[in-house]
Amino acid sequence: MSQISVADMKPHLSVSPDDIGNDVIIQGYIDAAEAWVVTHLRRDLDTEFASGWPDPILQAVRLMVALWFHNREGVSEGGMTSEVPFGVKDMLAGHRDLGA
């Protein structure tokens, strides 16, 4: 289950609450961002944080969704593509399981 709802994401995207035309797209980006974060952190966040993911992780998801929503084609910075916005990996670093 998503940690962030489409309704909660809309203000972050500057999308009107009553504009439902992009709801499926937004939900897809939320799902993809949450899956990316879980894979990147190498943790079962839903089990570890049953009452809700920590705020830095949620903010990282919001930033990823906003980047993907507003730049639906590949993002290029100085000739290099970026899969995640600047600072996302830093926000997540303290929560990443680096294993033994």
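Accessible areas here come from the Shrake-Rupley method with a 1.4 Å probe, and for residues only the protein chains shown count as cover. On that basis, this predicted model exposes about 6100 Å² of surface, with 55% of that area belonging to carbon and sulfur atoms. Of the 100 residues, 37% count as buried (under 20% relative accessible area, 1.4 Å probe, protein chains only).

As the model is a prediction, local features need pLDDT of at least 70 and side-chain atom pairs count only at pLDDT 80 or more, while totals for chains, interfaces and linings use all residues. Residues are numbered from 1 along each chain as its sequence is written, and side-chain values use heavy atoms, with hydrogens and water left out.

Confidence comes next. The pLDDT (the predictor's confidence in each residue, from 0 to 100) averages 87 over the protein, and 84% of the residues score at least 70. Five helices and two strands make up the secondary structure (DSSP runs numbered from the N terminus: H or I of at least four residues for helices, E of at least two for strands). Their order along the sequence is α-α-α-α-β-β-α.

Now for contacts, meaning heavy atoms within 4.5 Å. Of those with a separation of 6 or more, 69% link residues 24 or more positions apart.

Methods
Buried means under 20% relative accessible area, exposed over 50%, partly exposed in between (1.4 Å probe, protein chains only).
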